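I opened the model today to go through its strands, its confidence values and a few side chains. My entries follow in the order of looking.

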Amino acid sequence: MSSAEAAGLKFTPLEEIPQTVERLRKAFLSNKTKPIEYRKNQLKSLLFALKDNEQAFKKAIHKDLGRSDFESSLAEITTIINECVETIHGVDKWAKDEKPWAGLAWATHGTVVRKEPKGTVLVIGAWNYPITVQVGPLIAAIAAGNTCILKVSEPSKPLCAVCGC
């Protein structure tokens, strides 16, 4: 029995990954993730999940890295919660079209920079700052209107257990 099995973890079988990616791509192509309100709701759900599981994250980080609760709160959890809140408040402004000055030659053409979602994002986590390095890019991907796959660092078995890997 492997240590992952002993910890009660079940990693996604390789055969299931293409179906997961395809499902996320279909969700993206349906334009479900494009509305700003949808993105905000997803970010709020993530925020609530982070807050609801704060103690479990601290415990997992302590088991994985030996960090104190204070250090985990300061360096990881509070930081990422604040990032999520800031993103919820800023996504309206950040997603707006921009009309930059493109020079005299293009003055009559009305240059517009549109901020469009790109597709499905893969975030590969690192073990040393598991929350910040994994959830930070996840927040950005959701705010940008993308679907996202989060691959939690496998050596972080207690954190994998909290995340439901």
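I took two strands as paired if DSSP finds at least two bridges between them. Helices (H or I, at least four residues) and strands (E, at least two) are DSSP runs, numbered from the N terminus.

This is a predicted model, in which local features need pLDDT of at least 70, side-chain atom pairs count only at pLDDT 80 or more, and totals for chains, interfaces and linings use all residues. Residues are numbered from 1 along each chain as its sequence is written, and side-chain values use heavy atoms, with hydrogens and water left out.

Strands. I found β1 (residues 120–124) and β2 (residues 147–151) running parallel, joined by five bridges. I124 faces K151 of β2. From β1 the chain passes through helix α6 (residues 130–143) to β2 in a right-handed β-α-β crossover (clockwise from the first strand over the helix to the second, with the strands pointing away from the viewer).

Confidence. The predictor's confidence per residue, pLDDT, runs from 0 to 100. The chain has a mean of 88, with 93% of its residues at 70 or more. Where pLDDT is low, the predicted coordinates should not be read in detail.

Side chains. I looked up A161 and found it in helix α7 (residues 157–163). A161 is partly exposed because its relative accessibility is 45%, between the limits for buried (under 20%) and exposed (over 50%; 1.4 Å probe, protein chains only). C-alpha to C-alpha, A161 is 14 Å from H62, at a sequence separation of 99 residues.
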